Amino acid sequence: MIVCHCRIVRDTEILDVAAVGVPTLGAICRSTGAGTVCGGCVPAVRSLLQRFREDTCEPVGARLTLEHALTPQFARLASVQSALEDSHAAA
């Protein structure tokens, strides 16, 4: 389900970022881009984070690294790079 329509961020992306140890609502928003345009989705992101914490029965985020925080962006960049390479190869 799309949680942030401004940045097209799905609930699964938010939960994936929480699962790798991103500790706070603000850090999740910065990492995924959710809530950074109009802010309308922040309550939904907060709710997802709270449910994640309750489901895992453990605190989120003792070991945050920059690589973990940026994993979704790395995946997007790899996807864009692959598409560009494919289009150049076809040309």
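How many of the eight residues of helix 2 (residues 25–32) are buried? The views below take up this point and then turn to the cysteines and to Pro43.

This is a predicted model, in which local features need pLDDT of at least 70 and side-chain atom pairs count only at pLDDT 80 or more, while totals for chains, interfaces and linings use all residues. Residues are numbered from 1 along each chain as its sequence is written, and side-chain values use heavy atoms, with hydrogens and water left out.

**View 1. Helix 2 is mostly covered, with six of its eight residues buried.** Buried means under 20% relative accessible area, exposed over 50%, and partly exposed in between (1.4 Å probe, protein chains only); helices are DSSP runs of H or I with at least four residues, numbered from the N terminus. The buried residues of helix 2 are Leu25, Ala27, Ile28, Cys29, Ser31 and Thr32. Just after helix 2, Gly33 adopts a positive phi of about 95°.

**View 2. The structure holds zero disulfides, a disulfide being a pair of cysteine sulfur atoms within 2.5 Å.** The closest cysteine sulfur to that of Cys38 belongs to Cys6 and lies 3.7 Å away, which is too far for a bond. Cys41 is likewise in no disulfide, the nearest cysteine sulfur, that of Cys4, being 3.8 Å away. Cys38 counts as exposed because its relative accessibility is 60%, whereas Cys41, at 8%, counts as buried.

**View 3. Pro43 is found in helix 3 (residues 42–56).** With 48% relative accessibility, Pro43 counts as partly exposed. Pro43 and Leu25 are 18 residues apart in sequence, and their C-alpha atoms are 9.9 Å apart in space.

Key:
Helices (H or I, at least four residues) and strands (E, at least two) are DSSP runs, numbered from the N terminus.
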